[in-house]
Amino acid sequence: QVQLVESGGGLVQPGGSLILSCAASGTIFSVGAMGWFRQPPGKQRELVAQITEIGHTIYADPVKGRFTISRDNAKNTVYLQMNSLKSEDTAVYLCNAEAKWVVSSPYTNYWGQGTQVTVSS
């Protein structure tokens, strides 16, 4: 099994910055794409950003130019640098990753528990 553990959420004022991290642990042969989703209060879960194992990235339009996703393959860890935060960025942020535990197994999708980000003055 693979576990994803997020950290770095909290309360920040509008215009501020936060960095989230998510580490994959457990029986891991390789980790494929990793990403961040968010679920604002009363709304559906939405993609924030995703990064492949070779560093190709995609971003949701509302965060382009403000958020940066990166990863450390040696640590099986993905990061989300969030700058110029707005109140509408308030949400539970969830880490997502594809991983396989042996070379012959298929990639399986895993989720973290989520970390709360609140942007408020």
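## Sheet order and pairing

In what order do the 4 strands of the open sheet stand? In this predicted model, where local features need pLDDT of at least 70, side-chain atom pairs count only at pLDDT 80 or more, and totals for chains, interfaces and linings use all residues, the order is β1-β3-β8-β7, with antiparallel pairing. Residues are numbered from 1 along each chain as its sequence is written, and side-chain values use heavy atoms, with hydrogens and water left out. Strands are DSSP runs of E with at least two residues, numbered from the N terminus, and two of them pair if DSSP finds at least two bridges between them.

The edges of this sheet are taken by β1 (2–7) and β7 (67–72), each of which has a single partner strand, so one side of each is left without a neighbour in the sheet. On average, and with direction ignored, neighbouring strands of the sheet are turned by 15 degrees against each other, the axes being lines fitted to C-alpha atoms and the angles running from 0 to 180 degrees between N-to-C directions. Between β1 and β3 (residues 18–26), which run antiparallel, there are 6 bridges, and E6 stands opposite C22 in β3.

## Overall composition and dimensions

The secondary structure of the protein comes to 0 helices and 11 strands, where a helix would be a DSSP run of H or I with at least four residues. The radius of gyration, taken over C-alpha atoms, is 14 Å, close to the 14 Å that the globule rule gives for 121 residues, so the protein is as compact as a globular protein of that length; the rule itself is 2.2 Å times the number of residues to the power 0.38. Taken along the principal axes, the box filled by the C-alpha atoms is roughly 50 × 25 × 25 Å.

Of the contacts (heavy atoms within 4.5 Å) with a separation of 6 or more, 55% are between residues 24 or more positions apart. The protein exposes about 6400 Å², of which carbon and sulfur atoms supply 51%, the areas coming from the Shrake-Rupley method with a 1.4 Å probe.

## Buried interior

Buried residues (under 20% relative accessible area, with a 1.4 Å probe and protein chains only) make up 41% of the 121 residues.

Not counting residues up to four places away in sequence, M82 touches G16, S17, L18, L20, R66, F67, Y93 and V117. I69, which lies in the edge strand β7, is buried, with a relative accessible area of 4%. Among the residues that I69 touches, on the same exclusion of residues up to four places away, are M34, W36, I51, Y59 and L80.

## Loop residues with positive phi

Most residues other than glycine have a negative phi. N76, in the loop between β7 and β8, has a positive phi of about 50 degrees although it is not a glycine, and S84, in the loop between β8 and β9, has a positive phi near 50 degrees.

Note on methods: Buried < 20%, exposed > 50% of the residue type's maximum accessible area, 1.4 Å probe, protein only.
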